[in-house]
Amino acid sequence: MPTVLSELDRRKRDDRPDETFYAEPRFVTHADDAFLARLTELYAAVTEPGDRVLDAMSSWVSHLPDVEYARVVGHGLNEAELAANDRLDEFVVSDLNADQSLPFDDGSFDVVCCALSVQYLQYPGPVFAEFARVLAPGGTIVVSFSNRMFPTKAVRAWRAATMAERADLVERYLDAGGFEVADRIAERPGEDPFHAVVGRLP
């Protein structure tokens, strides 16, 4: 497993366990309405009815389109937020910076979504390899981000990077996990810049 981030790269200003920071629910969205509408549009383009979807590092809203999926599973750090998400059929609470494993069988999903959260991953190589493990062959991952973040919890490599360099970082994460980059999007539908990298398993 290649080391994508050095010890310096993965440092956070607030080095307390993430579960401490996320103990209290935050029922807010972390981008403007235009960003979220564009994200839903992207999800609609890369998913199909009947897909099994993992919403990784999720919260109280998943931004998925009005499509009948076979299964939508949420993963995140705050149980109250996940319990309030009406798109989820089930959810798990875990900290990927403490344990990079997911409690799912190989090939359990067709799509992994990771919205507005990738900047907090300290061990992206193992995490993206785990995303690849739980995806079926030919599965898709969508990683979206903007310029907003909790700066004390984002890793140093992310904080120091431009938006284009952040997309480059995500491409490195995908490569480390065994994905091929299928699309890279940089737009500004509203006030917040919209960036997404789509990866696929060979």
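## Strand pairing around β1

In what sense do β1 and β4 pair, and over how many bridges? In this predicted model, the two strands pair in the parallel sense, with four bridges between them. Within this pairing, L54 stands opposite V112 in β4.

β1 also pairs with β2: these strands run parallel and are joined by four bridges. Here D55 faces its counterpart G74, in β2.

## Burial of β1

Is β1 largely enclosed or left open by the rest of the structure? Four of its five residues are buried, so β1 is largely enclosed by the rest of the structure.

## Positive phi at H63

Most residues other than glycine have a negative phi. H63 has a positive value, near 65°, and is not a glycine. The residue lies in the loop between β1 (52-56) and β2 (71-76), the two strands that four bridges join in parallel.

Is H63 buried or exposed? H63 has a relative accessible area of 15%, so it counts as buried, the limit being under 20%.

## Positive phi at L116

L116 likewise is not a glycine and has a positive phi, of about 60°. Its place is the loop between β4 (109-115) and α4 (124-134).

What is the relative accessible area of L116? The value is 11%, so L116 is buried.

Note on methods
Residues are numbered from 1 along each chain as its sequence is written. This is a predicted model: local features need pLDDT of at least 70, side-chain atom pairs count only at pLDDT 80 or more; totals for chains, interfaces and linings use all residues. Side-chain values use heavy atoms; hydrogens and water are left out. Buried means under 20% relative accessible area, exposed over 50%, partly exposed in between (1.4 Å probe, protein chains only). Two strands pair if DSSP finds at least two bridges between them.
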